[in-house]
Amino acid sequence: MSDAGKDAAVIVRGNWVLTMGPRGALRNAAVAFDAEGRIVGVGPAEEVIAANPGAEVSGDGNGIVIPGFVNAHTHLTEGLNTGMGETATLWEWFERVVNPVGQVLTRDDIALGTRLKGVEMLESGITTVNDMSCHRNLGGNVSLGAVDGLASLGLRGVVCFGAEDEYDGAPEASVFLAEHEALADRISTEALIDFRVGIGTVLGITKELFEMTVNGCREHGWAVHTHLAEVREELSASRIEHGCSTIQYADRVGLLEHEVIAGHCIWCSEKDIGLMASRDVAVAHNPVANMILASGVCPVPRFLREGVRVGIGTDGAASNDSQDMFGAVKTAGLIQKLHTLDAAAMTATEVMDMATIGGARALGLDGEIGSLEVGKRADVVLLDGNTPELAVQHDPFQQLVYATTSRSVSDVWVDGVKRVEGGSVIGTDVVELAREARDASIDLAERAGLAGESVHCGKLEFEEE
């Protein structure tokens with residue numbers, strides 16, 4: 001039985017439609033949506049096409065149709081400083097790369113880096129991104145650049161400013177709050193972008209700013225984006241300073257009374273996991289970045305058993321060095337199998353759930369996106385079944401999670417608007433964008449004084465004398 005609409009403008013058909021909703025996986029099926037970007041039909045391709053004779057049909061029936069990926073956690077402020085600090089742990093990487101860059105970042109830098117990485121995201125099937133813009137160049141509201149960049153590409157997003165003021169020379173807490181408010185105002189003009197208040201790290205924020213942020217959540221109904229329990233050193237420091245884990249401290253100060261999505265959540269005790277489940281804290285799992293920075297392995301199966309909402313993120317453009325969702329998706333499955341020495345620890349279906357509807361649930365957007373259901377917004381990805389990766393489809397979930405790359409992404413619609421066609425972002429001169437980003441990245445590295453991290457600022461170990 002199909003849910004075939006009568007007012008469809010576009011139909012996307014495939015050998016499989018993985019609805020990621022109650023209908024499950026449908027063979028020889030199609031998705032139809034109207035000119036306003038609302039899904040009006042899901043079902044057998046012949047029935048959907050017959051019910052909508054005037055609709056444009058995309059796909060030759062060999063591919064796979066999926067909901068757009070939800071990138072549950074990233075930092076688009078890092079778009080111009082990828083490929084540095086390879087051998088550093090998280091805190092070393094902060095001091096060597098992130099903090100120096102963060103002091104000189106401008107709104108234009110962030111907008112350009114977001115456009116650059118936004119193209120990479122769209123071309124890997126990402127239609128929604130949850131971004132935390134982090135910088136220390138206060139007073140200029142530079143985090144608004146992430147909104148500028150996302151809006152220019154028509155990407156759906158949630159953006160926050162990841163405030164931290166526990167450092168020498170930090171301005172007063174009210175300056176950070178002012179940027180939150182400026183960001184919320186900028187986002188209010190964008191139909192596809194939502195606001196969250198950001199806390200960079202629980203240990204990186206003063207008591208005064210913490211209290212002001214929690215009060216802002218109560219006053220404005222702000223949801224929260226933060227990091228929790230990312231590295232072992234964080235847990236030790238929190239126990240010394242607060243006598244408990246950062247998750248327990250966040251609850252003590254009232255943060256977990258509000259809607260929270262937390263990146264990483266690796267170093268969690270049973271008490272922490274139970275607390276997160278009882279407070280309905282969502283987790284953004286970032287397996288690639290966690291491996292690069294040697295942070296650890298998130299206990300995803302344990303979270304899922306406790307009913308915790310879990311999405312998958314790429315993490316920052318520099319901590320991952322990529323915004324390719326297929327890399328994050330494949331790694332999310334493999335890392336659990338390796339860590340537990342159990343091939344059944346994580347299935348391809350579970351991974352796809354986290355990358356789509358799970359990420360939407362984690363962001364509180366599952367009423368609108370994350371699955372292909374009548375009434376939801378048309379965030380749709382068509383994967384080409386004529387590529388080497390997808391020519392064989394014995395199990396579409398396994399093939400997609402472990403075999404597919406961004407090369408298989410043919411077309412992408414965000415809110416019913418086609419943003420990628422034939423594997424390329426519409427209306428973007430990628431060669432010119434790359435040239436602009438290349439020049440800007442050199443300028444940014446020089447301004448940040450990244451000697452030893454960039455070939456443009458000093459001699460690297462691999463260079464000859």
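Are F33 and W413 buried or exposed? Both are buried, where buried means under 20% relative accessible area, exposed over 50%, and partly exposed in between (1.4 Å probe, protein chains only).

1. Basis. This is a predicted model, in which local features need pLDDT of at least 70 and side-chain atom pairs count only at pLDDT 80 or more, while totals for chains, interfaces and linings use all residues. Residues are numbered from 1 along each chain as its sequence is written, and side-chain values use heavy atoms, with hydrogens and water left out.

2. Aromatic pairs. The structure holds five aromatic pairs. Rings of Phe, Tyr and Trp (its six-membered ring) pair if their centres lie within 6.5 Å; planes under 30 degrees apart count as stacked, over 60 as edge-to-face, and the rest as tilted. For F33 and W413, the ring centres are 5.9 Å apart and the planes meet at 70°, so the pair is edge-to-face. This pair links distant parts of the chain: F33 sits in strand β2 (residues 25–33) and W413 in strand β16 (residues 409–414), 380 residues apart. Helices (H or I, at least four residues) and strands (E, at least two) are DSSP runs, numbered from the N terminus.

3. A second ring pair. F69 and F326 are also edge-to-face, at 5.4 Å centre to centre with 85° between the planes. F69 lies in strand β6 (residues 69–74), F326 in helix α12 (residues 325–340), and 257 residues separate them. F69 is buried, at 0% relative accessibility. F326 is buried too, with a relative accessible area of 4%.

4. Salt bridges. The structure holds 23 salt bridges. The criterion is a side-chain nitrogen of Lys or Arg within 4 Å of a carboxyl oxygen of Asp or Glu. R107 bridges to D148, with the closest N and O atoms 2.7 Å apart. R107 is in helix α3 (residues 107–122) and D148 in helix α4 (residues 144–153), 41 residues apart. R107 is partly exposed, at 30% relative accessible area. R107, D148, R186 and E190 are linked in a network of salt bridges.

5. Two further bridges. D379 pairs with R156, the closest N and O atoms being 2.8 Å apart. D379 belongs to the loop between α13 (348–362) and β15 (380–383), R156 to strand β8 (residues 156–163), and the two are 223 residues apart. Both D379 and R156 are buried. R361 and D353 form a salt bridge with closest N and O atoms 3.6 Å apart. R361 is partly exposed at 36% relative accessibility; D353 is partly exposed at 27%.

6. Largest pocket. About 780 Å³ of space lies in the largest pocket. A pocket is an open set of points on a 1 Å grid over the protein atoms alone, where a 1.4 Å probe fits, with protein on both sides within 12 Å along at least five of seven lines; lining residues have an atom within 4 Å of a point. Of the 36 lining residues, F94, N99, R136, E164 and T201 are the closest to the centre. The elements giving two or more residues to the lining are α2 (90–102) and α7 (232–242). Helix α2 gives the most, with ten residues.

7. R136 and Y167. The charged end of R136 sits over the ring of Y167, 3.9 Å from its centre. The test is NZ of Lys or CZ of Arg within 6 Å of the ring centre and within 35 degrees of the ring normal. R136 is also among the residues closest to the centre of the largest pocket.

Technical notes:
Grid points are joined across faces, edges and corners, and a volume is the space filled by probe spheres set on the points.
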